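Have a look at it first.

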Amino acid sequence: MEGKTDVKEAAVEITELNAIQEPAVRVWKLILLLTALFVVTFFLTGVLWALTSWSEITTDELLWHLKMSMKGADPDLVAEFILITVGSATLVTGGACLLMLMLRRRDRKLERRTFRILRFTTVGALVFTLAAAWFGFGVGTFLWNHFHPSSFIEEEYVDPGMVEITFPEKKRNLIFIYMESMEITFMDAKSGGAFAENVIPELTGLAKENEDFSAAGDRVNGGVSLPGTIWTMGAIFGTTSGLPLKTPLKRNGMSASEDFFPGVLTLGDLLQREGYQNRLIMGSDAVFGGCQLYYETHGDFTVHDYEYAKASGRVPEDYHVWWGYEDEKLFSYAKEELAELAAGDRPFQLVLQTMDTHRPDGLRCNQCEETFDNRYANVMNCSSRRVKEFVDWAKEQDFYENTTIVITGDHPTMDEDFCENVPESYQRKTFFCVINPAVTRKDGSKQREYATLDLFPTTLAALGVRIEGDRLGLGTNLFSDRETLLEKYGTDRLGEELERRSELMERMFNGEYKSPGAE
């Protein structure tokens, strides 16, 4: 028996020895695999993070931010992205490395088998990542649209420098408020929304009491966000130029970080030309997304952002909440800015950009009430009350009689789960209303179907400006009876055309197009 046992033990020892003496995976191959595994895991978790964090994110938006500086992005979001991507990649790669080192010492045959499994897994993860990005970000649609250009924008675009635009002798002031992610969707069904309970009753009241271009009745109307206008910078560009923010794959000598569609006339340009003092106030860093560049090169805006607030002593140098400082402070500072602007001898435009309602779930400030079970709903409700309070304050000021206030949501919310119960058949629209316009619309009983692109000429008309043909950019003056492109073509057709490559937009982006009215 002892002899048989010795033979078995010897056989086991020989087997183990053979396993150890199996040729080891070459070090350079292992390093290459682990590097590939780290990179693939990083991008896989990044893609999944983006797709689960935002309800809709497009290739146009991704390309735009890749061309622009990421300075000014919310540090909490950046930290979350780094933690998830770098953390996951480090854990996966580190675990694989330890496993391979253990097997190298104990069982090289199993080491080589595990190496093949890891190689197959890495390739599979790469394929899955590419597929998720391809379909999730609409890369396939983007490429198809790129290689199938359309002349639609070129045919429909009305250059502000080629039509007669007449300002009134006494120019009106303009307060333009962009409300982050604000939709009429958040109202109850009776008011035109899609929620069981109205989350923004104060804004609902403002829309009903003022001009929102709805039909007679209690249902509020809003603007449709078309491709190229569904993120903040796209929305700002669209509402002030009447154009979608389209990012070409190639450029000829120009960089988005150096200039911002030079040669295109925008709302800021037209007001500046008429002697307006343009000013922007926002609680985040205006550099992010090209915001500061756009305002400074189209209207010579004075930009008072988060960095200005620190430099001027409005907030301490180390102060940072959310994206910079809260909307509570924003509206307080706006009152100070308005007092200063109104004391001058020039007409003015003050643009405000709120941020508390940014995803995910918004910033709950000390004025938020626990009215709803959902945190984001409470933040939206707080923003609604704050804007109503600001409008009420403005109405009591001496400058109000000659001032028009425009309030708009910049784009539909990107919060992934806030609108998960909204039916797909419901057309989500941004909030929009005009307070104290200089004109009334020709048919106040008709509901207008409009896009946020129509805000460009509509805002000018609200200031008493006469526009030859009642169209600018791709937008239509909603106070007129002129048909909007949305009314003419419908949402689907118009959206499809704006997604396709436009040679005119490429020339604009590259600085190869100059409006006859541009300096």
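What follows covers the ground rules, a sheet, a helix pair and a cavity.

## Ground rules

This is a predicted model, so to speak: local features need pLDDT of at least 70, side-chain atom pairs count only at pLDDT 80 or more, and totals for chains, interfaces and linings use all residues. Numbering starts from 1 along each chain as its sequence is written, and side-chain values use heavy atoms, with hydrogens and water left out.

## The sheet

Pairing takes at least two DSSP bridges. β4 (residues 277-282) runs parallel to β5, joined by three bridges, and Arg279 is opposite Thr302.

## The helix pair

Helices α8 (residues 201-209) and α14 (residues 375-395) pack at about 45°, axes 7 Å apart; axes are fitted to C-alpha atoms over the stretch in contact, and angles run from 0 to 180 degrees between N-to-C directions. Contact (heavy atoms within 4.5 Å) involves, among others, Pro201 and Leu206 of α8 and Val387 of α14.

## A cavity

The second largest cavity has a volume of about 50 Å³, the space filled by probe spheres set on grid points joined across faces, edges and corners. A cavity is a set of points on a 1 Å grid, over the protein atoms alone, where a 1.4 Å probe fits but cannot get out; lining residues have an atom within 4 Å of a point. Among the lining are Thr240, Tyr294 and His298.

How values were computed
Helix = DSSP H or I, 4+ residues; strand = E, 2+ residues; numbered from the N terminus. 1 Å grid on protein atoms, 1.4 Å probe; cavity = no way out; pocket = protein on both sides within 12 Å on 5 of 7 lines; lining within 4 Å.
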